[in-house]
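Here's a quick briefing on charged side-chain pairs. Have the structure open while you read.

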Amino acid sequence: MRYGLKLTFIPDQKYFISGGNQIIKLWQTKTLENLQEISVTDISDLWFTSVATSPDAKFIAACKAYKIYIWRVGLWENPIHTFGKTLFSNIFDVFGFDALAFSPNSKTLAANNNKDIKLWNVESGKEIAKLYGHSDKVTCVAFNPKNEQILASCSYDKTIKIWYTESQECLGTFSAHRDSIYTLTFSPDGELLASGSNDNTIKLWRLNTGEIAQTLRKHSDAVTCLVFSPDGKTLISGSNDGKIVEWKITENESQAFSEEHRRGVTSIAISPDGNTLISGGRDQTIKVWKR
C-alpha cells in the first residue's frame, strides 16, 4: 500500500498534487505540465504515504512514515507545521503515518497514528485530540463532508469506527468485511460510507443505521482506494489487481476502465467538476482520465 504514488486535486481543479519518493510535485491539470517540485529528503523516511488538500484550497498536507508536513498553497519554501512521532514510537512503531484528511471547514487535520487517530488545529499546529479504540493499525480516515465533527476510520482489525470528534466519542462500529479494510470515503451528501477491503469487496454503508446498502464485487485483489463523483451517483475504485472500476450506484452497473496500471493502484482522485480522474500506482505512473 505504502510505496506508490499518492494524488489529490487542489479544489480549484486547475492543479493536482502527487507524492512519491522524497518529492511532492505540482501539476497543471489541463496541460499536465509539472510546475513545481518540493524535495523533502530523509535517508530513513523516503516515500510520501498520503497527500491531502484542504477544502478551502489554502493548505496542502503530506506525510511520510514518521513526519507530517503542512504547507500553505503557493508558499512551498518551508512548511508551516511539521508533526513528528516521538523517538520511542519511531523505534517501536514500524507502521508510521500513512492516512490524512482535512475537515470540511479546513480547520482540523486528522491522521492515523498506528492504532490511534490524532487531530491537529491546522492554523496553530496544536494537537487537539487523540482517538482510541481500534485494536490494530488504522489505515484510512475520512471526515463527513456535511459535518466536520463526524470522522470515520478503518483498520487492519476489519472494522470501521464512527467518531464524534468534539467529545472524542466513538458513535458506532461497523463490522462485516472478512479481512483488513484499507480505504473508505463518504458520499457527497454524507449519507453513505464506502469501504474497500483485502477481501476484494466494496461495501456501502448507510451512516444513520450502520446497515449495508450494497456489496460490490469485481476486483480480483484488495481494494485500495475509493472516490465518489461530485454528484454522488458514481463510485470509482482502485485495486491491487491494477484495475480501476466505475460503479453506477443507482443502476447497479459497473465498468472497468480500458487501461490498467501494471502494478497495484495506490491512489485515485477526481476533480471537483467530475470531468477528470487521476490515478497513481506502484508502477510509478500517473494516468489522467477524461470522463
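Is Arg 72 buried, partly exposed or exposed? Arg 72 counts as partly exposed, at 28% relative accessibility. Keep in mind that this is a predicted model. It holds 7 salt bridges, and three of those pairs are walked through below.

**Arg 72 and Glu 123**
- The side chains of Arg 72 and Glu 123 meet in a salt bridge, at 3.0 Å from N to O.
- Arg 72 sits in strand β7 (residues 67-72) and Glu 123 in the loop between β11 (116-121) and β12 (127-131), so the pair ties together parts 51 residues apart in sequence.

**Asp 116 and Lys 130**
- Here the salt bridge between the side chains comes in at 3.9 Å, N to O.
- This pair links distant parts of the chain, with Asp 116 in strand β11 and Lys 130 in strand β12, 14 residues apart.
- Asp 116 is buried at 15% relative accessible area, whereas Lys 130 is partly exposed at 24%.

**Glu 246 and Arg 291**
- Glu 246 forms a salt bridge with Arg 291, and their closest N and O atoms are 2.5 Å apart.
- The two residues are 45 apart in the chain: Glu 246 is in strand β23 (residues 244-248), and Arg 291 is in the segment after β27 (286-290).
- Glu 246 counts as buried because its 18% relative accessibility is under the 20% cut-off.
- Arg 291, on the other hand, is partly exposed, with a relative accessible area of 38%.

How values were computed. Residues are numbered from 1 along each chain as its sequence is written. This is a predicted model: local features need pLDDT of at least 70, side-chain atom pairs count only at pLDDT 80 or more; totals for chains, interfaces and linings use all residues. Side-chain values use heavy atoms; hydrogens and water are left out. A salt bridge is a side-chain nitrogen of Lys or Arg within 4 Å of a carboxyl oxygen of Asp or Glu. Helices (H or I, at least four residues) and strands (E, at least two) are DSSP runs, numbered from the N terminus. Buried means under 20% relative accessible area, exposed over 50%, partly exposed in between (1.4 Å probe, protein chains only).
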